[in-house]
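This report looks at surface charge, aromatic pairing and the surroundings of a few selected residues. Please read it alongside the sequence and the coordinates.

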Amino acid sequence: MPTMILMVLNDVDRLEDVMRAWQAAGAGGITTLESSGAAHLLGHIGARDDLPLFPGLRNLMAHQEVHHRTLFTVVNSEVNVEAFFDATETVVGPLDGPHTGFIWALPVIAVRGGQRT
C-alpha cells in the first residue's frame, strides 16, 4: 500500500537539503507549500498594529509572513518509512527539539497520477 509522507519544516533554509534527502530515500515527486502555524499566527496578534481589533483568519493570513514549508510525497510500499524519517533528521537534526518541525506518514487507500517510486 502506498504511503503519504508529510512534513512541516520550520527552517526553510534546509528545504533543498530535505528534498534531496527525500529523493535519496525513495521519493519520486515532492510537493511543497508555504505555511504558518496557528500558534505563530495567534501569538502575534497583540504585537501587530496593522490588524483590526478582532481579526478574522483571512486578515491574519493576509498580513502574515510565511515561516514554514509543508512538504508531502506519496511513496510505494517498498520505501522504509523509518529510514525515510532518519534521512530527514540527518538534515534537520532531531525533530523532538523545539522549532524543528514534525513529520508523519499516512496510508494511502488509492492513488492516480504522479510519478511514484
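A patch, as the word is used here, is made of residues with over 30% relative accessible area and no salt bridge, and like charges are joined within 9 Å. The model under discussion is predicted, and in it Glu82, Asp86, Glu89 and Asp96 form a negative surface patch. One of these residues, Asp96, is placed in the loop between α4 (81-92) and β4. Asp96 counts as exposed because its relative accessibility is 73%, where the cut-off for exposed is over 50%.

Turning to the aromatic residues, the structure holds two aromatic pairs. In one of them, Phe102 and Trp104 have ring centres 4.8 Å apart and planes at 20°, and the pair is therefore stacked, given that planes under 30 degrees apart count as stacked. Phe102 counts as partly exposed at 46% relative accessibility, and Trp104, at 27%, likewise counts as partly exposed.

The segment after β4 (101-107) contains Ile109, a residue that is exposed, with a relative accessible area of 82%. Although Ile109 and Thr3 are 106 residues apart in sequence, their C-alpha atoms are 8.7 Å apart in space.

The accessibility values for the individual residues discussed are set out below.

| Residue | Relative accessibility | Class |
|---|---|---|
| Asp96 | 73% | exposed |
| Phe102 | 46% | partly exposed |
| Trp104 | 27% | partly exposed |
| Ile109 | 82% | exposed |

How values were computed:
Residues are numbered from 1 along each chain as its sequence is written. This is a predicted model: local features need pLDDT of at least 70, side-chain atom pairs count only at pLDDT 80 or more; totals for chains, interfaces and linings use all residues. Side-chain values use heavy atoms; hydrogens and water are left out. Helices (H or I, at least four residues) and strands (E, at least two) are DSSP runs, numbered from the N terminus. Buried means under 20% relative accessible area, exposed over 50%, partly exposed in between (1.4 Å probe, protein chains only). Patches are made of residues with over 30% relative accessible area and no salt bridge: like charges are joined within 9 Å, nonpolar side chains (Val, Leu, Ile, Met, Phe, Trp, Tyr) within 5 Å. Accessible areas come from the Shrake-Rupley method with a 1.4 Å probe; for residues, only the protein chains shown count as cover. A salt bridge is a side-chain nitrogen of Lys or Arg within 4 Å of a carboxyl oxygen of Asp or Glu. Lys and Arg count as positive and Asp and Glu as negative; His and the chain ends are not counted. The place of a charge is taken as NZ of Lys, CZ of Arg, CG of Asp or CD of Glu. Rings of Phe, Tyr and Trp (its six-membered ring) pair if their centres lie within 6.5 Å; planes under 30 degrees apart count as stacked, over 60 as edge-to-face and the rest as tilted.
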